[in-house]
Amino acid sequence: MTARLLPKKDLPGFIAALAKKQEVWAPVRIQSQEAARFSRIDRPEDICLDYLNTKLPVKELFFPQREVMFTFNPGERSSAQASAQVRERVVLGVRPCDAAALELFDKVFVDESKTASPLAESKTAGPLADPYYKERRDKTTLIGLACNAPGQACFCTATDGGPHSTRGLDLLLIDLGDRFLARPVTAKGEALAKGLARAKDKDISLADELAEEARATMDFAIELKQLQKSLDKAFDHEVWHRLSLPCVNCGVCTYVCPACHCFDVTDEEYKDSGARIRTWDSCQFSLFTRHASGHNPRPDGMSRMRNRTLHKFCYFPKTQDKVLCVGCGRCITECPAGIDLRETLETLRDTLS
Ligand code: SF4
Ligand code: SF4
């Protein structure tokens, strides 16, 4: 596909043109903190592109922390299915790791290999899919922002990604100083960039150099296929006790993770109305696996920390051929106990090999 050029001075006009046809979402600075978060954009000048990574990953636009699945009348058997209630939208400024994580979400929430029952009153005839997630995905075009200066905690190159990776994106913007190189990935992305001037060879070469330089700053490497094999036989190893000691099971690592997708479903009733609500959950909480009988198969912090690690680096790769981690580094920067996932993986490799 043809690479294009977007001069930075033209970015507000580019965004205004997008906003005429759909909603535009992008990172904005959270005033109270040194952080950015995805928000709906009304004024192009609110967009903040000089951030490293948003506090919460872009997953919250596809899988909100809390959402009403449907409402019901407790006295009747009828219910009204809610739609995801999103309009067509462009999300701009998505980092490559977050976009790659949406590919992992697709594996969980959309199964193209299975067909929904024709009897099901589902809006998603065709692939078996979570209708709320799929509606948001179908209505969204993703414009990424390549990382020319990865952070200290980033390790996407170890997880099948990279600072200029296009995995999961429709269009990738690469900062060349006073202009962006716009690299289309899908037909949707190509359509968005169509009106821009063609990039010159020297712009494409500069973008390639920046990608190489960015990769060169990331030195964490680990053979994850080999580690998966070792983990498969390590369920009862004592190393888990050692590794889990500092963890306070706060769940922060799962909430900020662009690949974690566990949720809880509750029915809430008030007088004559009710709603089925889905909220984020975390495998680090003791209630996550407690049965109605009171029995809990993961009763302590060690078993919960072990499960999180095995799910990401052993169980998910076994069934989906991908690790459930994109190396964004958020769990490292946000963990109150200072646990560094890279050190955890190295310890596992060195202990189990
Ligand atoms: S953020 Fe740190 S302390 Fe909290 S559950 Fe995760 S690993 Fe444990
Ligand atoms: S496990 Fe940590 S580094 Fe990996 S994607 Fe999740 S938050 Fe990012």
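Q: Leaving aside neighbours within four places in sequence, which residues is Leu173 in contact with?
A: Leu173 is in contact with Leu6, Ile143, Gly144, Leu145, Ala146, Phe180 and Ala182; contact requires C-beta atoms, placed from the backbone, within 7 Å. This is a predicted model, in which local features need pLDDT of at least 70, side-chain atom pairs count only at pLDDT 80 or more, and totals for chains, interfaces and linings use all residues. Residues are numbered from 1 along each chain as its sequence is written, while chains are lettered from A and ligands numbered from 1 in the order in which they are written.

Q: Which residues touch the most other members of the largest nonpolar core?
A: Val91, Leu173 and Ile174 do, in a core of 72 residues. Such a core is a set of buried Ala, Val, Leu, Ile, Met, Phe, Trp, Tyr and Cys residues joined through C-beta atoms within 7 Å, where buried means 20 or more other C-beta atoms within 10 Å of the residue's own.

Q: And which domains does this core draw on?
A: At least three residues come from each of domain 1 (4-63 + 82-216) and domain 2 (224-272 + 283-352); the bounds come from an automatic or database domain assignment.

Q: How many residues does each domain bring to the contact between them?
A: Domain 1 provides 22 residues and domain 2 provides 17.

Q: Changing topic, how do the residues of the shell around ligand 1 divide?
A: They comprise 9 nonpolar, 3 polar and no charged residues. Ala, Val, Leu, Ile, Met, Phe, Trp, Tyr, Cys and Pro count as nonpolar, Asp, Glu, Lys and Arg as charged, and the others, Gly among them, as polar.

Q: Which residues are they?
A: Among them are Cys247, Cys250, Cys253 and Cys335, each with its C-beta atom, placed from the backbone, within 6 Å of the ligand.

Terms used. Two residues are in contact if their C-beta atoms, placed from the backbone, lie within 7 Å. A residue is buried if 20 or more other C-beta atoms lie within 10 Å of its own, exposed if 12 or fewer, and partly exposed in between; C-beta atoms are placed from the backbone.
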